[in-house]
Every structure is written in structure tokens, then in C-alpha cells.
Amino acid sequence: MPVIQKKHPMPTQEPAVRARNFQEVALGYTKEIALSEAARCLNCRNQPCVQGCPVNINIPAFIGLVKQGDFEGAYRVISQASSLPAVCGRVCPQETQCESKCTLGVRFEPVGIGRLERFVADWHNENAADTVEKPAQNGHRVAVVGSGPSGLTCAGDLAKKGYQVTVYEALHTAGGVLVYGIPEFRLPKAIVAREVETLKALGVQIETNVIIGKTLTVDELLEDGFEAVFIGSGAGLPNFMGIPGEALKGVYSANEFLTRSNLMKAYLPDPQTPIMKGGSVAVVGGGNVAMDAARTALRLGAKKVYIVYRRSMEELPARREEVEHAEKEGIEFRLLCNPLEILGYQNPENPRDERNGFVTGMRCIRMELGEPDASGRRRPVPIEGSEFMLDVDTVIMAIGTSPNPLIKSTTEGLEVNRRGGIIVDEAGLTSRRGVYAGGDAVTGAATVISAMGAGKVAARAIDEALRGA
Amino acid sequence: MNRILRKERLNSSVTLMEVDAPLVARKAEPGQFIILRADEDGERIPLTVADFDREKGSVTIIFQIVGGTTKRLDMLNEGDYIRDFAGPLGRATHTEGLKKVAVVGGGVGCAIAYPVTKKLFEQGAEVHAIAGFRSHDLVILENEFAAHSTRFLRMSDDGSWGEKGLVTDALRGLIEAGERYDEVITIGPLPMMKFVCLLTKEYGIKTIASMNPIMIDGTGMCGGCRLTVGGETKFACVDGPEFDGHLIDFDEAASRGRMYAGFERHAYEEACRLLNAKEASEPCL
């Protein structure tokens, strides 16, 4: 039988339909598609895909079981390495990780590993009763700060080894960026809630509404009898450009806009939390967060949504798949374009006019690519005299974050780098004994799976340190 | 879930709640705030800590009923639970080394001005408290201020309580009479704080203003509470909520505070309808 050269495409909602609802865009493989996709795996001997996975899932083994129709067996293989299979199958950038290493990919398209992972996880969630067995306790207590991808992974791995783990979450719902940041249409919140429930069944305790660095400090956790603390507090304060008009009404950080919509459910009819809906929206930035914000704005009823990015499509850091989705949904990309100023309404006759101070437009300038900068990417330079106006009512800044100061400022001896990221060694250990860290709190804004990888590494190190102790 | 231990109506639109929150009470200091959600699907709103009792493990909040969320919060009674209650957040008021201070509060802002007045008074500072209200029926915490200040000046817009006039009139009077303050602390409506700061700038007296912008997470994640202070973007949740009053862009803060004015009116009416359906007898404020 000849090899099918292309990945089976992911069934999705029609762009014109999905652009107006918050249901999941990608619908997932059917059993038939999954069997056929799994059959594309060559089961090659050196298994490069496993090395491409930050949590080293035994990919050929799980695909082999899918081929045989043993989906539950496949799920067990994945869950040995990953605490969040249904999440990773959806949001991992497989194209730059496992799938980029696939042997089949040398000549054809790689195996759709991510799509198969998602299929297996969804099959398990729909068909298998969860029979999580709480492991025997080993008597050691570990505290985890933050319930995002790194924290949940670290907690899950330690709980499976018998540790008594307590996760502290600052917000009212567990999940971190999976809940406040990534929108429903890309990652349904019911899936996150289910993964959290699985961890609870393993014995992990989750304390919401506790802000470490404020309600309790890292030192208090250690004094309270936790033998190790893992800090996975995530990225911090949003960056702004420092251009005039960023304080106008209608200018959001992507964090705020997404939090209002996702965590606070402002996308539902008659919400208690307000959000600006409709009109024209410009999202500044080119990462996955920018795509999420733009597509959320569209679904909230915007007539027109622009992505404004200062480099070209080639340098755009978002996942190709998300960019294609956004384009198909009608989001307009204004590439090689940089904002100079945001303009607001001001009625000269009436200082009490309710419209005063709301955004009316954004003045931008066209850019061209010059010499490569330190990051190796060609530096965008403004083209003199090319200013133009973009008529928008809402501007969303999605240009990254700076680390949150709360833990650093209350934990003596915790060293951070120039950018404020916590300094760790290769095992995730910080400058403080017994205190580990990982995820965006260390690296600055990165991916869900790299945070999970860091949580995993730290869990292993904590286990070695405490069992040796 | 945090239980409401005591609820008290301070005036027709201001309510006090003492809430069981041992972890917050253990750390709370004047100037800090908490974030709460009244109910499931509720909005997250920041409220400044009005008082705390470490032994009892309780935190007191005082809020004015201004929109949907505060209306819903006010529907809860003693024994009911507030869905989420997190804190203490923000930096505590700096009181160390202050020997003589004027604390200027206005309206419901007096709820926040009170704990710092008390703290300064208890650490032996000379505290001149100036409280201003529109009229007599809106006065809150009169006895508390009187008991925890060296001097207490009462001001009202219509003269129905204390002197007729603005808090700035009272403050100017004191300064002109030769009082010399290490610092002025002001908490109240933005226009009031703006004018207090303009006044003290004239006399070169260091002034701290407590800001209460719109917030979501309150922990340094969303950036919604940003303010311009001395030309720089600051976040009230982690950098504040108190800032050097001579550097705050009050007009910008006031404008940003009105971002959802239209939504709030609607939400308030909705909450009223909800309340009226529940207790048809009680008219909505």
C-alpha cells in the first residue's frame, strides 16, 4: 500500500460560521481518520519524534496502539509522560516539536501526532470511566505555586509518586493561562476542568484565592512543613509600547481583554463583567496571544479586526495553523506596520461628553526590513513619510509581558535575571534551597508544553532531593 | 467561600461587612485591598480593607452601591457566603517615622482613610483627620474618626454636618494657621484628591493619594489598573494603590474610570430587577 503523503486534514467548523461563535474551531479526528493517520507512522527505529517532545511521550508506542484500535492503551502511554493530554493535543506547536523530527516528514508531511494525541485524549474522556487510583502516600509534602501548565504538571507527577501536593492559585479558578488566556474556541474550559479533576482524584489539593507573595510567602510555606516549593506563577504584567494614547478608553492589554472574555465569561450573553464589543479592532503583535485576542474580538461581534505587526509574515511568531485560521475567518493582517499613536475623541464644546476619551483611531507607519538584529531576525525600520490612519474603536496590545514582582519581592535570596525571570539550574532549582521554578516565571512568555516540560523536570529533581533526604 | 459575620448599613447607599477571612486578616495592613466575587459568574472587584481583626480572623469591607456587582453584594446577608475573597493585595500605607499627618477623606473614601488614621494615631503620631460628605445623612464612621485622631474636622457641602465647605477649605485653614505636616494622606473621589494635591503642592507638602481604578485579577497580570504617575505607566495592583499625589494624572484616571459607565447603569438596573423580584417590598436605591 503506498504511503498517504499528506496528513489527514483536521475537520473544522466552517470559517464563516465559527467566526461568530465561541465553540471549538477544530472538531477532532473521527475514529476512521485516526486509524488511517496512525497507519502513516513508519514506526522507524530511531524514534526522533520522542526527542522532539518536551515531555518525551513515547509517541511510536501510542500510535502503534491507535493502529490496533486500543485507544485506552494509547491513552495510558501518553498519560505516563503527560498530565494534560487533551490540552497538549490542542495547543502544542507540534510542527516545531515532535512533528518537525518525524522521519516521514523528510519526504512527505509528518504524521499528525498532535491530532492523534487529541483524538486519544478525547476518546478517553468520552468513553473511559476515570479509574484514577490514589497512590500510596510517601509522607513528603510539596507546595506548588500557580495552577497553570507547569504547576499542574509538577503537581501531577509528584502526586503519582505519592507526594502530598498542595497547589496555590491566586485566581478563583484553577488552570492559569489555560483558563484566563486561551479562548474557549481553541481549548474548551470543560477540558481543563476535567484535567484538574483528574489531579484532584490523584490527591492533589488545590487552594484557590491564595496569592503567594501576599496571602502567604514562600518562606511561610517552607516553615509550614512543605519540604519543597515549585514556583510556576506564570508571566506577569503586560507590556505597553509607550506611545501616546495608551491610557485611552478602549485600549486593552491582551491579558485583560482575554481574561475578561475567558475567565470572566464576558462573551456570554448578559455578563456581569463588561468588555468592549463590536466596532473595529486593532490587535498589535504577532504571537499566539495576538491571534487569540483578534479571533476573540471577531467573535464578540467586531465588524473589522486587524493584526498590526511590525515585521513580515515570515517572522510572525504565531503558529501557522492559528494564522491560517485567523485569515480564513476574515482577520486582516497589516504587516510591516507599526503604531505611532492612538487617538481619542474629545468634544471641545463639552468636557462631559460621554464619548470623550474613547479611542477613534490609531496612527501607524509602514516598515521595511533592514539588517538582522541580535535575534537574527531582520530589524524593521520605519519608511519615512508613510504614516497612515487606521480607524478603530478598540486597540489590544499583545506585545508580551514582564515577570510579576510579587514573589521575587517577598522571597529573600531568590535570584532573578535582568528581565526579572527567576534564575534556575538545569533541574529547575533556584538560588534558594528547596525552591524550584519553571514556566513563564523563569523564561518569560513561552508555550504551554515548554512550561509542562519545566514542571516535569522540577518534579523529578524534587523527588530525587526528597527521597535522598 | 467566606462567611459574612456582620452586616451593617452605614447610610442609604453604603454597607459595611465583616467577613471571615483568617488568612487575609493575618497579613492585612491599612492601605491594602482585597478582590472579591459576590457570586458564581460574578465580576471581580477590588475593595480596600476598612478594618481587620487578626485574632478573630476577620476583615471588614465598606462599599458604596454603585453598580450591578455592589448591588448583588449588598443582597447578601449575615451568615451568607461571599463566593471568593482574596488578598491582602497592594502595598501597605507607609506610616513609619511620621510624626504629624493630615488625613483627608471624602465620602465612602473615609472607609479607607479610617484604618490609616487609626494606625497612625495608635503609633503615637499627631493626626488631624478631615472628613467631607455631601450632607449629614451620608456620614459614616464619625465616632471612629473622633476616637482615633488628635483633631477631627467635619465638612459638608450643604452645612448639615460640621462646617459648610470643602475638605480643601479645612486643610488650607489648618496649614494657614501654621500646622506643619510631615505628610498628607488623601482618599476619596478623584476630583477631591486632585484638588487636595494641588493645594498641598502649593505648600510643598508631600501627599499620598489612594487610587481605586478598575481591576480584574488584582495580582499584576491584566494591566487594567494602569495609571500614569510622573509620566510613567504604573499598575495600581502591585505598584500601588497609593502613589505620590503630586505626580498622578488624575484627569486620565477619572476618564478611565468611566469606561464602563453605560454598562454599569444597565447592570445596576438589572440587579435591581433581580432584587425587586426577590423582595418586592424593598425599593431599589
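Mentor: Two strands are said to pair if DSSP finds at least two bridges between them. Helices (H or I, at least four residues) and strands (E, at least two) are DSSP runs, numbered from the N terminus. The model is predicted: local features need pLDDT of at least 70, side-chain atom pairs count only at pLDDT 80 or more, and totals for chains, interfaces and linings use all residues. Residues are numbered from 1 along each chain as its sequence is written, chains are lettered from A and ligands numbered from 1 in the order in which they are written, and side-chain values use heavy atoms, with hydrogens and water left out.

Trainee: How many bridges join strand S1 to strand S2 in chain B?

Mentor: S1 covers residues 2–11 and S2 covers residues 14–20, and the two run antiparallel. Within this pair, B:Arg9 stands opposite B:Thr15 of S2(B). The number of bridges joining S1 to S2 is 6.

Trainee: Which strands are at the edges of the open sheet in chain B?

Mentor: That sheet has 7 strands in the order S6-S1-S2-S5-S4-S3-S7, with antiparallel pairing. An edge strand here pairs on one side only. The two are S6 (81–82) and S7 (84–89).

Trainee: Why does A:Ile365 count as buried, and what is its relative accessible area?

Mentor: A:Ile365 lies in strand S11 (residues 359–372) of chain A. Leaving aside neighbours within four places in sequence, it has contacts (heavy atoms within 4.5 Å) that include A:Leu336, A:Pro382 and A:Phe388. The C-alpha atom of A:Pro339, 26 residues away along the chain, is 6.4 Å from that of A:Ile365. A:Ile365 counts as buried because its relative accessible area is 7%.

Trainee: What radius of gyration does chain A have?

Mentor: The radius of gyration is taken over C-alpha atoms, and the globule rule is 2.2 Å times the number of residues to the power 0.38. For 469 residues, a compact globule would have a value near 23 Å. The value for chain A agrees, at 23 Å.

Trainee: What is the radius of gyration of chain B?

Mentor: Chain B has 9 helices and 16 strands. Its C-alpha trace spans about 55 × 40 × 40 Å along the principal axes. A compact globule of 285 residues would have a radius near 19 Å, and chain B agrees with 18 Å.

Trainee: What percentage of the residues of chain A count as buried?

Mentor: Chain A comes to 18 helices and 16 strands. Of its contacts with a separation of 6 or more, 70% are between residues 24 or more positions apart. The buried share of its 469 residues is 59%.

Definitions and conventions
Buried means under 20% relative accessible area, exposed over 50%, partly exposed in between (1.4 Å probe, protein chains only).
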